[in-house]
Amino acid sequence: MYLSNADRWSLLCKKQIDVIDKLSAQFPERKVPLNELTHGWRHLQHQVQAGDRPIVHEPTK
């Protein structure tokens, strides 16, 4: 399912990634949890750009 506003979602994801990267640089002690957040935003951005249905949380096994 392609989102009609996928480009805007992708831009939002990029902005979030940039903010989190800056926070990570300012607070190195928080680097691991911030990297996990960045990974989630990158994954969402990839889903949106690929035209996949965005799924924020992976199903637990």
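How many helices and strands does the protein chain have?

1. The protein chain has two helices and zero strands, where helices (H or I, at least four residues) and strands (E, at least two) are DSSP runs numbered from the N terminus. This is a predicted model, in which local features need pLDDT of at least 70 and side-chain atom pairs count only at pLDDT 80 or more, while totals for chains, interfaces and linings use all residues. Residues are numbered from 1 along each chain as its sequence is written, and side-chain values use heavy atoms, with hydrogens and water left out.

2. Of the 61 residues in the protein chain, 23% count as buried. Buried means under 20% relative accessible area, exposed over 50%, and partly exposed in between (1.4 Å probe, protein chains only). Contact means heavy atoms within 4.5 Å. Among contacts between residues at least 6 apart in sequence, 52% join residues at least 24 apart.

3. Helix α1 (residues 6-26) packs with α2 at an angle of about 165°, and their axes are 9 Å apart. That makes α1 roughly antiparallel to α2. Axes are lines fitted to C-alpha atoms, for helices over the stretch in contact, and angles run from 0 to 180 degrees between N-to-C directions. Angles under 35 degrees count as roughly parallel, over 145 as roughly antiparallel, 65 to 115 as roughly perpendicular and the rest as oblique.

4. The crossing of α1 and α2 is left-handed, a label used if the near helix is turned anticlockwise from the far one by less than a right angle, with clockwise being right-handed. By class, the contact of α1 with α2 has eleven nonpolar, seven polar and four charged residues. Here Ala, Val, Leu, Ile, Met, Phe, Trp, Tyr, Cys and Pro count as nonpolar, Asp, Glu, Lys and Arg as charged, and the others, Gly among them, as polar. On the α1 side the residues include W9, S10, I17, I20 and S24, and these and others meet α2 residues including L34, N35, T38, W41 and Q45.

5. Q45 lies in helix α2 (residues 31-50). Q45 is buried, because its relative accessible area is 15%. The side chain of Q45 reaches the backbone oxygen of S10 at 3.2 Å. For such a polar contact, a pair of N or O atoms must lie within 3.5 Å; within protein, one must be able to donate a hydrogen and the other to accept it, and residues adjacent in sequence count only if both atoms are side-chain atoms. Not counting residues up to four places away in sequence, Q45 touches S10, C13, K14 and I17.

6. W9 is found in helix α1 and is partly exposed, with a relative accessible area of 33%. The C-alpha atoms of W9 and Q45 are separated by 7.3 Å, although the two residues are 36 apart along the chain.

7. T38 and H39 both belong to helix α2. T38 is buried at a relative accessible area of 5%, whereas H39 counts as exposed at 57%. T38 is in contact with I17, I20 and D21, leaving aside its neighbours within four places in sequence. For H39, the C-alpha atom is separated by 8.5 Å from that of I17, 22 residues apart along the chain.

8. S24, in helix α1, counts as buried at 8% relative accessibility. S24 touches K31, L34 and N35, not counting residues up to four places away in sequence. The C-alpha atoms of S24 and N35, eleven residues apart along the chain, are separated by 7.7 Å.
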